[in-house]
Amino acid sequence: MHVYSTSDSRTAALGTIAVCAVLLAIGANAAFTALGVGPPWLFSPPTVAASFGLLYRAVDTIAWRWSLLQRLGIIQVPVLEGIYEGQLVSSYQGRTLPVRICIDQTWTRIAIRFDVLPPTSSTSYSVAAGLGVDGHHHARLTYTYRNQTRPGVAEADMNDHDGTAEVVIDTTSGELTGRYFNFRGRQGTLALTRTNP
């Protein structure tokens, strides 16, 4: 997975994590003092740092999906992870191919894998991405990818290549539409639906 940019500055969430870390550290120090464990100065700074680290990890992997944090505006990153299946229509001979996109996502990292379904001639992996909110319940995901072909299955003139895709995802219905182009001079459109959250 790689980091991705987003229209959400993440400032509100980082501030909330910092405040919670301080409150957690105060509580832990009070507990250590009550139990008579070590001098308080030994635990204060490490406890704040450890609390921040643990809370950040929990938000990055789990809590960022919570609808409560989304409704409060603390986190505004759309949840796109899942498996999408549908069709690709290429400008090359007007071909239509069945395809699948798998999105793995945390609050700060994402991985997008694109497969042309059997016979699988190639697979693409994202290398950079940007994500933004595009109106009510829609997210716009733009990413660059590196495509790896399968020799013996892919067409003889098809080689590994790079490209860019831009898709809009309806976060309510799971419908994904978009377009792509690659450095082979080909382009096309995408229409998929989320089949697995």
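Me: What does contact mean here, and which residues is glutamine 76 in contact with, leaving aside its neighbours within four places in sequence?
Reply: Contact means heavy atoms within 4.5 Å. The model is a predicted one. Neighbours of glutamine 76 within four places in sequence are left aside. The residues in contact with glutamine 76 are then Asp8, Gln70 and Val133.

Me: Where is the place of glutamine 76?
Reply: Helix H3 covers 67-71 and strand S3 covers 82-90. Glutamine 76 has its place in the loop between helix H3 and strand S3.

Me: Does glutamine 76 count as buried, exposed or partly exposed, and why?
Reply: Buried means under 20% relative accessible area, and exposed means over 50%. Glutamine 76 has 43% relative accessibility, so this residue counts as partly exposed.

Me: How many Å apart in space are glutamine 76 and alanine 12, C-alpha to C-alpha?
Reply: In sequence, glutamine 76 and alanine 12 are 64 residues apart. In space, C-alpha to C-alpha, the distance between glutamine 76 and alanine 12 is 9.7 Å.

Me: Which residues touch the most other members of the largest nonpolar core?
Reply: The largest nonpolar core has 34 residues. Isoleucine 101 touches, among others beyond four places away in sequence, Ile83, Phe114, Tyr143 and Leu192. The residues touching the most other members are Ile75, Ile101, Ile103, Leu141 and Tyr143.

Key
Residues are numbered from 1 along each chain as its sequence is written. This is a predicted model: local features need pLDDT of at least 70, side-chain atom pairs count only at pLDDT 80 or more; totals for chains, interfaces and linings use all residues. Side-chain values use heavy atoms; hydrogens and water are left out. A nonpolar core is a set of buried Ala, Val, Leu, Ile, Met, Phe, Trp, Tyr and Cys residues joined through side-chain atoms within 4.5 Å. Buried means under 20% relative accessible area, exposed over 50%, partly exposed in between (1.4 Å probe, protein chains only). Helices (H or I, at least four residues) and strands (E, at least two) are DSSP runs, numbered from the N terminus.
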